[in-house]
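Please keep the sequence and the structure in view while reading.

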Amino acid sequence: MKVDDFIRKERLPFIWCPGCGNGTILRATLTAINELQLTENDVIFASGIGCSSRTPMYTKFDNAHSLHGRAIPLATGIKLTRPDKKVIVMTGDGDSLAIGGNHLIHAARRNIDLTVIIFNNSIYGMTGGQVSPLTPEGKRGTTATFGNIESSFDTVELLKGAGATYIARSGTYYFAQLTKYIKNGIIHKGFSVIEVVTQCPVYYGRLNKLKTPGELLLWQKENLISIEKAKYMSNEELDGKIITGEFVNIDKESYIEKRENLIKKAQ
(Lines give C-alpha, C1' and ligand atoms only; values in the text may rest on other atoms or scores of the structure.)
Protein backbone atom coordinates (compact mmCIF):
# COMPACT_ATOMS: atom_id res chain seq x y z
CA MET A 1 0.00 0.00 0.00
CA LYS A 2 1.20 3.55 -0.72
CA VAL A 3 1.25 6.27 1.92
CA ASP A 4 -0.83 8.48 -0.36
CA ASP A 5 -3.62 5.89 -0.21
CA PHE A 6 -4.26 6.96 3.39
CA ILE A 7 -5.06 10.57 2.35
CA ARG A 8 -8.56 11.91 1.73
CA LYS A 9 -7.71 13.70 -1.49
CA GLU A 10 -11.14 15.32 -1.67
CA ARG A 11 -10.17 17.40 1.37
CA LEU A 12 -7.08 18.87 -0.27
CA PRO A 13 -5.52 21.41 -0.35
CA PHE A 14 -4.44 21.52 3.27
CA ILE A 15 -5.59 24.43 5.39
CA TRP A 16 -2.04 24.98 6.72
CA CYS A 17 0.05 27.99 5.74
CA PRO A 18 2.77 27.50 3.10
CA GLY A 19 5.93 26.18 4.75
CA CYS A 20 4.19 24.81 7.85
CA GLY A 21 5.77 21.62 9.18
CA ASN A 22 2.48 19.87 9.95
CA GLY A 23 2.41 18.18 6.56
CA THR A 24 5.83 16.69 7.23
CA ILE A 25 4.64 15.25 10.55
CA LEU A 26 1.55 13.84 8.86
CA ARG A 27 3.73 12.22 6.19
CA ALA A 28 6.09 10.75 8.80
CA THR A 29 3.16 9.36 10.78
CA LEU A 30 1.55 7.76 7.74
CA THR A 31 4.92 6.38 6.63
CA ALA A 32 5.37 4.80 10.06
CA ILE A 33 1.90 3.29 9.94
CA ASN A 34 2.52 1.93 6.43
CA GLU A 35 5.91 0.45 7.35
CA LEU A 36 4.26 -1.31 10.30
CA GLN A 37 1.75 -2.75 7.79
CA LEU A 38 -1.18 -1.37 9.73
CA THR A 39 -4.45 -0.76 7.91
CA GLU A 40 -7.28 1.75 8.19
CA ASN A 41 -9.00 -0.72 10.53
CA ASP A 42 -6.08 -0.84 12.97
CA VAL A 43 -5.66 2.83 13.88
CA ILE A 44 -7.85 5.52 15.43
CA PHE A 45 -6.75 9.15 15.74
CA ALA A 46 -7.84 11.67 18.36
CA SER A 47 -7.13 15.39 18.40
CA GLY A 48 -8.09 18.60 20.17
CA ILE A 49 -7.98 22.18 18.89
CA GLY A 50 -5.24 23.89 16.90
CA CYS A 51 -3.44 23.66 13.56
CA SER A 52 -1.96 20.28 14.53
CA SER A 53 -5.33 18.89 15.58
CA ARG A 54 -6.66 19.16 12.04
CA THR A 55 -4.09 16.61 10.87
CA PRO A 56 -6.18 13.40 11.23
CA MET A 57 -9.03 14.90 9.20
CA TYR A 58 -6.98 14.57 6.03
CA THR A 59 -6.67 10.81 6.51
CA LYS A 60 -9.00 7.88 5.87
CA PHE A 61 -8.55 6.61 9.41
CA ASP A 62 -11.35 6.90 11.95
CA ASN A 63 -10.72 10.01 14.01
CA ALA A 64 -12.37 11.90 16.84
CA HIS A 65 -12.04 15.67 17.22
CA SER A 66 -12.39 17.05 20.72
CA LEU A 67 -12.36 20.33 22.65
CA HIS A 68 -9.18 22.28 23.34
CA GLY A 69 -6.87 20.20 25.53
CA ARG A 70 -9.23 17.23 25.77
CA ALA A 71 -7.79 14.89 23.15
CA ILE A 72 -6.07 12.60 25.67
CA PRO A 73 -9.13 11.81 27.84
CA LEU A 74 -11.08 11.23 24.62
CA ALA A 75 -8.34 8.90 23.37
CA THR A 76 -8.29 7.15 26.75
CA GLY A 77 -11.99 6.37 26.42
CA ILE A 78 -11.45 5.06 22.89
CA LYS A 79 -8.59 2.82 24.01
CA LEU A 80 -10.54 1.41 26.95
CA THR A 81 -13.44 0.65 24.62
CA ARG A 82 -11.30 -0.74 21.81
CA PRO A 83 -8.03 -2.01 23.31
CA ASP A 84 -7.32 -3.84 20.04
CA LYS A 85 -6.77 -0.53 18.21
CA LYS A 86 -3.67 1.63 17.97
CA VAL A 87 -4.83 5.02 19.28
CA ILE A 88 -2.75 8.02 18.21
CA VAL A 89 -3.19 11.55 19.55
CA MET A 90 -2.17 14.50 17.38
CA THR A 91 -1.76 17.61 19.53
CA GLY A 92 0.04 20.94 19.69
CA ASP A 93 2.27 22.44 22.35
CA GLY A 94 -0.56 24.64 23.64
CA ASP A 95 -3.24 21.97 23.32
CA SER A 96 -1.22 19.36 25.21
CA LEU A 97 0.86 21.32 27.71
CA ALA A 98 -1.32 24.33 28.58
CA ILE A 99 -5.05 23.61 28.85
CA GLY A 100 -4.39 19.89 28.35
CA GLY A 101 -1.36 19.62 30.62
CA ASN A 102 -3.18 17.92 33.47
CA HIS A 103 -4.54 15.22 31.15
CA LEU A 104 -1.07 14.68 29.68
CA ILE A 105 0.70 14.05 32.97
CA HIS A 106 -2.02 11.78 34.36
CA ALA A 107 -2.14 9.68 31.19
CA ALA A 108 1.63 9.27 31.58
CA ARG A 109 1.18 8.38 35.27
CA ARG A 110 -1.37 5.70 34.37
CA ASN A 111 0.82 4.40 31.52
CA ILE A 112 -2.27 4.26 29.33
CA ASP A 113 -1.63 2.67 25.93
CA LEU A 114 -1.61 5.77 23.71
CA THR A 115 0.85 7.30 21.26
CA VAL A 116 0.91 11.08 21.64
CA ILE A 117 2.61 13.16 18.94
CA ILE A 118 3.23 16.71 20.18
CA PHE A 119 3.70 19.32 17.45
CA ASN A 120 6.08 21.84 19.04
CA ASN A 121 6.12 25.00 16.93
CA SER A 122 6.84 27.11 20.05
CA ILE A 123 3.69 29.20 19.65
CA TYR A 124 -0.11 29.16 19.35
CA GLY A 125 -0.36 29.04 15.58
CA MET A 126 -4.09 28.91 14.94
CA THR A 127 -5.39 31.40 17.50
CA GLY A 128 -3.12 34.36 16.90
CA GLY A 129 0.53 33.76 17.79
CA GLN A 130 0.34 33.82 21.59
CA VAL A 131 3.22 32.33 23.56
CA SER A 132 2.80 28.69 24.61
CA PRO A 133 4.33 26.62 27.43
CA LEU A 134 7.09 25.66 24.96
CA THR A 135 7.94 29.16 23.72
CA PRO A 136 11.63 29.65 24.64
CA GLU A 137 12.45 32.41 27.09
CA GLY A 138 13.20 35.65 25.29
CA LYS A 139 11.34 34.72 22.09
CA ARG A 140 8.43 36.81 20.88
CA GLY A 141 4.74 36.17 20.46
CA THR A 142 1.73 38.41 20.05
CA THR A 143 1.26 38.26 23.83
CA ALA A 144 4.96 38.92 24.46
CA THR A 145 5.98 41.67 22.05
CA PHE A 146 9.18 42.41 23.97
CA GLY A 147 10.04 38.73 24.51
CA ASN A 148 8.73 35.87 26.63
CA ILE A 149 9.76 36.19 30.30
CA GLU A 150 8.44 32.76 31.35
CA SER A 151 10.53 29.61 31.51
CA SER A 152 9.38 26.92 29.10
CA PHE A 153 8.68 23.31 29.97
CA ASP A 154 11.18 20.62 29.10
CA THR A 155 8.65 18.10 27.80
CA VAL A 156 11.04 15.20 28.17
CA GLU A 157 11.88 15.88 31.82
CA LEU A 158 8.25 16.63 32.67
CA LEU A 159 7.05 13.32 31.26
CA LYS A 160 9.93 11.36 32.74
CA GLY A 161 8.75 12.52 36.14
CA ALA A 162 5.12 11.77 35.26
CA GLY A 163 5.91 8.16 34.33
CA ALA A 164 5.77 7.89 30.53
CA THR A 165 7.44 4.68 29.38
CA TYR A 166 8.47 5.85 25.89
CA ILE A 167 9.72 9.40 25.25
CA ALA A 168 11.46 10.66 22.13
CA ARG A 169 12.13 14.02 20.50
CA SER A 170 12.98 14.89 16.91
CA GLY A 171 12.32 17.61 14.34
CA THR A 172 10.78 17.98 10.91
CA TYR A 173 14.27 18.47 9.45
CA TYR A 174 15.13 14.87 10.41
CA PHE A 175 12.36 12.99 8.60
CA ALA A 176 13.86 9.47 8.77
CA GLN A 177 14.63 9.79 12.48
CA LEU A 178 11.16 11.19 13.17
CA THR A 179 9.50 8.31 11.30
CA LYS A 180 11.56 5.78 13.29
CA TYR A 181 10.54 7.31 16.62
CA ILE A 182 6.86 7.37 15.66
CA LYS A 183 7.08 3.70 14.67
CA ASN A 184 8.68 2.84 17.99
CA GLY A 185 6.03 4.81 19.84
CA ILE A 186 3.17 3.06 18.05
CA ILE A 187 4.43 -0.46 18.81
CA HIS A 188 5.38 0.38 22.41
CA LYS A 189 3.04 -0.97 25.08
CA GLY A 190 2.21 1.87 27.44
CA PHE A 191 2.22 5.66 27.21
CA SER A 192 4.36 6.93 24.35
CA VAL A 193 5.21 10.55 23.54
CA ILE A 194 7.07 11.87 20.52
CA GLU A 195 7.76 15.61 20.65
CA VAL A 196 8.38 17.07 17.19
CA VAL A 197 10.08 20.45 16.78
CA THR A 198 8.35 21.98 13.78
CA GLN A 199 8.27 25.29 11.95
CA CYS A 200 5.61 28.02 11.99
CA PRO A 201 6.89 30.66 9.54
CA VAL A 202 3.81 32.88 9.65
CA TYR A 203 3.77 33.54 13.40
CA TYR A 204 6.83 32.26 15.23
CA GLY A 205 9.21 32.76 12.33
CA ARG A 206 7.98 36.21 11.36
CA LEU A 207 7.98 37.48 14.96
CA ASN A 208 11.46 36.06 15.67
CA LYS A 209 13.35 37.09 12.52
CA LEU A 210 13.24 33.66 10.90
CA LYS A 211 11.08 34.72 8.00
CA THR A 212 11.12 31.68 5.71
CA PRO A 213 10.48 27.96 6.19
CA GLY A 214 14.01 27.32 4.95
CA GLU A 215 15.52 29.52 7.66
CA LEU A 216 13.50 27.70 10.32
CA LEU A 217 14.60 24.29 9.03
CA LEU A 218 18.24 25.39 8.92
CA TRP A 219 17.81 26.57 12.52
CA GLN A 220 16.76 23.01 13.39
CA LYS A 221 19.83 21.62 11.61
CA GLU A 222 22.10 23.86 13.67
CA ASN A 223 20.32 23.71 17.03
CA LEU A 224 18.85 20.20 17.41
CA ILE A 225 21.60 18.20 19.08
CA SER A 226 21.59 14.42 19.50
CA ILE A 227 21.87 12.84 22.95
CA GLU A 228 25.19 11.31 21.94
CA LYS A 229 26.69 14.64 20.84
CA ALA A 230 25.26 16.50 23.86
CA LYS A 231 27.21 14.24 26.23
CA TYR A 232 30.44 15.91 25.11
CA MET A 233 29.16 19.50 25.19
CA SER A 234 29.34 21.96 28.08
CA ASN A 235 26.32 23.70 29.56
CA GLU A 236 27.41 26.88 27.80
CA GLU A 237 27.57 25.09 24.45
CA LEU A 238 24.11 23.58 25.04
CA ASP A 239 22.50 26.90 25.93
CA GLY A 240 19.62 27.49 23.51
CA LYS A 241 19.97 24.03 21.95
CA ILE A 242 17.33 21.28 21.94
CA ILE A 243 18.47 17.72 22.64
CA THR A 244 16.93 15.00 20.46
CA GLY A 245 16.80 11.22 20.63
CA GLU A 246 15.08 8.42 22.52
CA PHE A 247 15.13 9.32 26.19
CA VAL A 248 12.97 6.61 27.76
CA ASN A 249 12.02 3.14 26.53
CA ILE A 250 10.85 1.04 29.48
CA ASP A 251 9.10 -2.33 29.38
CA LYS A 252 6.46 -1.94 32.08
CA GLU A 253 2.97 -3.34 32.54
CA SER A 254 0.56 -0.97 30.82
CA TYR A 255 -2.80 0.27 32.05
CA ILE A 256 -4.68 -1.95 29.59
CA GLU A 257 -2.71 -5.03 30.69
CA LYS A 258 -3.37 -4.24 34.37
CA ARG A 259 -7.06 -3.78 33.65
CA GLU A 260 -7.36 -7.04 31.71
CA ASN A 261 -5.51 -8.96 34.44
CA LEU A 262 -7.76 -7.47 37.11
CA ILE A 263 -10.89 -8.52 35.18
CA LYS A 264 -9.55 -12.07 34.80
CA LYS A 265 -8.88 -12.36 38.53
CA ALA A 266 -12.38 -11.10 39.31
CA GLN A 267 -14.07 -13.71 37.11
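## A residue with positive phi in a loop

Is S122 buried or exposed? With a relative accessible area of 11%, S122 is buried, a word used for values under 20%, whereas exposed means over 50% and partly exposed lies in between (1.4 Å probe, protein chains only).

The model is a predicted one, in which local features need pLDDT of at least 70 and side-chain atom pairs count only at pLDDT 80 or more, while totals for chains, interfaces and linings use all residues. Residues are numbered from 1 along each chain as its sequence is written, and side-chain values use heavy atoms, with hydrogens and water left out.

## Other backbone features

K209, in the loop between α7 and α8, also is not a glycine and has a positive phi, of about 60 degrees; K209 is exposed, at a relative accessible area of 73%. In the segment before α1 (22-35) lies P13, which is joined to L12 by a cis peptide bond with an omega of about 5 degrees. Helices (H or I, at least four residues) and strands (E, at least two) are DSSP runs, numbered from the N terminus.

T155 belongs to helix α5 and counts as buried because its relative accessibility is 2%. Apart from neighbours within four places in sequence, T155 is in contact with L97, I118, L134, R169 and E195, where contact means heavy atoms within 4.5 Å.

Helix α4 (residues 101-110) packs with α5 at an angle of about 45 degrees, their axes 8 Å apart, and α4 is therefore oblique to α5. Axes are lines fitted to C-alpha atoms, for helices over the stretch in contact, and angles run from 0 to 180 degrees between N-to-C directions; those under 35 degrees count as roughly parallel, over 145 as roughly antiparallel, 65 to 115 as roughly perpendicular and the rest as oblique. From α4 the contact is made by L104, I105, A108 and R109, and from α5 by L158, L159 and A162.

## The largest pocket

The largest pocket has a volume of about 740 Å³, the space filled by probe spheres set on grid points that are joined across faces, edges and corners. A pocket is an open set of points on a 1 Å grid over the protein atoms alone where a 1.4 Å probe fits, with protein on both sides within 12 Å along at least five of seven lines; lining residues have an atom within 4 Å of a point. Of the 32 lining residues, P136, S152, G240, K241 and I242 are the closest to the centre of the largest pocket.
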